Amino acid sequence: MPQITRTVLYTDVDGRARFRDEIIELCAGSPAAALSPLAPSGGYQWRWSPAGFESRFHCTEYPQWLIVLRGRMEIGLQDGSTRIFGPGESFLSADLLPEGAVFDPNVHGHRSRALDDAPLETLFVRV
C-alpha cells in the first residue's frame, strides 16, 4: 500500500517543541491515484512574508497544516535543531502552549524565517 510521510511539529511532555515523522496510509482511491481518508478542516489562510522575514519563538495558536508554495522556510527549535521546507513541502504545525502554562520564549515554541533573500508564500489549513 502506498504511503506518504508527514512531518509533525508538536509540543512534547516537557513543553518543548519537537519534530516527528508519521506515516499517512493511502487506503482510498485507486492504484493510479491513491488517497488518504478525507480529513476535516477548519478553513485556510494564505500568507506572504517578505524576504528576510524572521519570527521570534512562538507557539502555534491552532493546529494547522503549513504548505510552502514559494520560497524556502526554516523552522528552528529551542534545542537548536532546524528543518527547511521548500515549495510543495508541508508540515503539521501543532506545537501548542501546554494548558495552564505561561509562554516562556526560552522553553516553548519554534521560530521561523524565510531563506534565500526571496519572499515566502505559504498556505495554512486549520485542522
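Reader: What should I know about the ground rules before I start?

Author: The model is predicted, so local features need pLDDT of at least 70 and side-chain atom pairs count only at pLDDT 80 or more, while totals for chains, interfaces and linings use all residues. Residues are numbered from 1 along each chain as its sequence is written, and side-chain values use heavy atoms, with hydrogens and water left out.

Reader: How many aromatic pairs are there?

Author: Rings of Phe, Tyr and Trp (its six-membered ring) pair if their centres lie within 6.5 Å; planes under 30 degrees apart are stacked, over 60 edge-to-face, and the rest tilted. By that rule there are two aromatic pairs. Tyr44 and Trp46 are edge-to-face because their planes stand at 90°, with ring centres 6.1 Å apart. The pair of Phe85 and Phe91 is tilted, with 35° between the planes and 4.6 Å from centre to centre.

Reader: Where does a charge sit over a ring?

Author: Look for NZ of Lys or CZ of Arg within 6 Å of the ring centre and within 35 degrees of the ring normal. Here the charged end of Arg20 sits over Tyr10, 4.2 Å from the ring centre. Arg126 does likewise over the face of Tyr62, at 3.8 Å from the ring centre.

Reader: What about the largest pocket: what is its volume, and what lines it?

Author: The general idea first: rolling a probe the size of a water molecule over the atoms shows where empty space is left. On a 1 Å grid over the protein atoms alone, a pocket is an open set of points where a 1.4 Å probe fits, with protein on both sides within 12 Å along at least five of seven lines; lining residues have an atom within 4 Å of a point. The largest pocket has a volume of about 530 Å³. It has 21 lining residues, and the closest to its centre are Arg6, Ile24, Ser36, Ala39 and Trp65. Strand 1 gives the most to this lining, with four residues. By class, the lining of the largest pocket holds 13 nonpolar, five polar and three charged residues.

Reader: And how much space lies in the second largest pocket?

Author: About 260 Å³. Its lining counts 18 residues, with Arg47, His58, Thr60, Gln64 and Phe124 the closest to its centre. Strand 9 (90–94) is among the elements that give two or more residues to this lining.

Reader: Which strands pair with strand 9?

Author: Strands here are DSSP runs (E, at least two residues), numbered from the N terminus, and two strands pair if DSSP finds at least two bridges between them. Strand 1 runs parallel to strand 9, joined by three bridges, and Leu9 has Ser93 as its bridge partner there. Strand 6 pairs with strand 9 in the antiparallel sense over four bridges, with Leu66 opposite Phe91. Strand 9 is largely enclosed by the rest of the structure, because four of its five residues are buried.

Reader: How many bridges does strand 6 make with strand 11?

Author: Six, again in the antiparallel sense. In that pairing Gln64 stands opposite Arg126 of strand 11.

How values were computed. Grid points are joined across faces, edges and corners, and a volume is the space filled by probe spheres set on the points. Ala, Val, Leu, Ile, Met, Phe, Trp, Tyr, Cys and Pro count as nonpolar, Asp, Glu, Lys and Arg as charged, and the others, Gly among them, as polar. Buried means under 20% relative accessible area, exposed over 50%, partly exposed in between (1.4 Å probe, protein chains only).
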